[in-house]
Amino acid sequence: MAPSVAIIGAGFGGLCMAIRLERAGIRSYTVFEKAGDLGGTWRDNSYPGAGCDIPSHLYSYSFEKYTSWTRRYPEQPEILGYLEHCADKYDVRRKIRFRTEVLSAAFDGSKWQVSLGGEEPRTEAFDVVVMGVGQLNRPQLPDIPGMSEFEGVSFHSARWNHDHDLTGRRVAVIGNGSSAAQFVPRIAERVEHLRLFQRTPNWVIPKPDAAFGPMTRLAFHFVPGLQRAYREWIYRYAEGTLYPALAEGWSVGLLKQRALRHLHDQVPDPELRARLTPDYPPGCKRVVIDSTFYPALTRPNVSLVTDRIVRITPKGIETAGGSYDVDTIVYATGFKSTEFLAPMEVVGRDGLSLEERWKGGAEAYLGISLPAFPNLFMLYGPNTNLGHNSIVFMIECQVNHVMSCLSYLAGHGPIEVRPEVMAAWRRQLDSAMSRMVWGGGCQSWYKTADGRVTNNWPGPTTLYRRLTARAPLSAYRVVGAS
Ligand code: NAP
């Protein structure tokens with residue numbers, strides 16, 4: 001009999017898992033989604049200009065090639081539309097229980113007891129739990145004194161307040177990562193004044209966006225192999241050029257040169273350029289891919305503030321260098337990225353809590369599974385984030401792995417990864433990590449406060465595909481068997 005599967009989250013990960021089960025004829029699954037709609041990060045991040053800086057012909061499922069993308073880098077509504085299209089085409093929407101938050105999951109020796117909040121709180125039992133909650137799902141508000149005393153309107157970029165019209169406002173944006181880089185150019189056009197509070201400059205490279213006209217879209221649709229070849233080209237370019245730059249390879253200098261040239265071309269003022277030039281290696285923090293951010297910073301109604309923020313006052317922001325009155329603050333301050341699966345309480349075999357297990361930082365075999373947590377699988381889990389390629393590619397690799405585990409456990413009972421396999425995996429990861437650019441020289445959301453890189457995958461994605469595609473059964477043991 002097919003195992004019952006609880007899938008948590010209806011974003012790119014959860015939907016991919018559901019579709020693969022559906023296509024395999026396994027209907028004994030339920031997707032739990034705490035929000036009222038599907039889409040995950042592409043539902044939550046609706047700020048002006050939100051989009052993906054990986055081209056959508058690659059940032060999409062390999063099994064659902066879409067030839068209708070209107071541009072190389074479509075914006076959030078189109079990406080969300082794609083996910084809705086997939087959910088409908090593969091008929092998985094009927095299996096999603098919306099407004100149902102999973103509060104906890106506990107393994108009782110044979111099944112997972114999944115506690116549900118929402119309109120009808122209760123506990124349901126499943127053979128398998130697949131976590132598809134992502135890494136960037138919980139906004140991180142900073143801890144700046146006085147925040148609650150601000151008399152204007154404030155919100156996080158991932159919870160954009162669309163009811164608050166920014167036209168003619170004096171706006172402060174705190175943070176200058178990929179999110180801010182996308183919305184600052186859009187809102188700068190209509191605000192009275194925008195002050196961007198930058199703590200650390202980012203490396204920025206151009207985004208070669210272009211619209212796909214009707215003829216190009218028709219060609220993608222009708223010319224055999226064209227869409228596949230284009231997708232393959234984007235993948236190989238990212239893998240062959242960007243990845244080596246993150247692994248101290250041949251293109252390190254090239255990436256830096258490209259970013260410096262971009263800065264020089266777009267920012268004529270040497271003083272502003274100096275303040276926008278990072279002092280750490282490119283890639284240590286996520287490189288911003290955008291061609292409109294720098295020009296926005298050169299507008300007369302935009303200023304860059306680099307003094308340290310001291311406090312938020314009722315009227316604005318006080319820094320070490322002065323005070324700025326504003327009526328709106330947008331916190332583009334990122335996400336609680338290293339707290340994987342939180343705030344869910346997950347308890348494995350013998351009462352071991354995941355929180356306890358991950359005290360030193362989150363980790364998992366292939367980013368997917370853990371000893372003592374039988375039949376629990378993660379999508380986009382620890383050490384599977386990329387700084388250079390498509391996360392959807394990684395998710396599909398993980399789903400392949402989970403599918404082979406499912407066929408094994410269906411005949412044998414609950415399985416868990418062997419502790420010695422996990423230990424060897426950690427050693428390999430540490431060794432691979434030592435040559436990556438993320439370790440020293442910068443703070444980033446890729447790592448914990450004490451510097452352990454818990455989020456990123458340190459190898460080529462071709463290797464990850466190989467590792468996840470091979471039947472992983474020798475890495476697992478049946479729970480209760482000797
Ligand atoms: P982020 O990259 O984590 O950036 C957060 C920003 O807030 C940083 O500039 C940080 O400064 C600043 N900050 C945080 N706390 C602060 C404080 N107390 N005082 C002053 N500044 C503070 O967040 P994000 O821009 O939302 O992007 C997160 C990730 O989402 C990206 O790296 C990317 O992977 C993904 N994303 C992707 C796309 C895409 O197109 N694919 C678009 C948007 C986001 P420091 O740098 O000094 O810490």
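Trainee: Over which residue's ring does the charged end of K95 sit?
Mentor: The charged end of K95 is 4.9 Å from the centre of that ring, and a charge sits over a ring if NZ of Lys or CZ of Arg is within 6 Å of the ring centre and within 35 degrees of the ring normal. Keep in mind that this is a predicted model, where local features need pLDDT of at least 70, side-chain atom pairs count only at pLDDT 80 or more, and totals for chains, interfaces and linings use all residues. Residues are numbered from 1 along each chain as its sequence is written, and side-chain values use heavy atoms, leaving out hydrogens and water. The ring that K95 sits over belongs to Y29.

Trainee: How far apart are the end C-alpha atoms of helix α3?
Mentor: Helices (H or I, at least four residues) and strands (E, at least two) are DSSP runs, numbered from the N terminus. The expected span of a helix is 1.5 Å times one less than its number of residues. Helix α3 has 14 residues (76-89), so it should span 20 Å, and the distance between its end C-alpha atoms agrees: 20 Å.

Trainee: What kind of pair do the rings of Y47 and F183 make?
Mentor: Rings of Phe, Tyr and Trp (its six-membered ring) pair if their centres lie within 6.5 Å; planes under 30 degrees apart are stacked, over 60 edge-to-face and the rest tilted. The whole structure has 30 aromatic pairs. With centres 5.7 Å apart and planes at 65°, the Y47 and F183 pair is therefore edge-to-face.

Trainee: How many residues apart are Y47 and F183 in the chain?
Mentor: Y47 is in the loop between α2 and α3, whereas F183 is in helix α4 (residues 178-188). Y47 is buried at 7% relative accessibility, and F183 is buried at 0%. The pair links distant parts of the chain, with a separation in residues of 136.

Trainee: Which residue's backbone nitrogen does the side chain of N375 reach?
Mentor: N375 sits in the loop between α10 and β19 and is buried, with a relative accessible area of 3%. Leaving out residues up to four places away in sequence, N375 touches (heavy atoms within 4.5 Å) several residues, including W112, D127 and L409. The backbone nitrogen that its side chain reaches, at 2.9 Å, is that of I415.

Trainee: What is omega for the cis peptide bond that joins A342 and P343?
Mentor: P343 is placed in the loop between β17 (328-331) and β18 (345-347). Most peptide bonds are trans. The bond joining A342 and P343 is cis, with an omega of about 5°.

Methods: Buried < 20%, exposed > 50% of the residue type's maximum accessible area, 1.4 Å probe, protein only. Polar contact = N/O pair within 3.5 Å; in protein donor to acceptor, adjacent residues only side chain to side chain.
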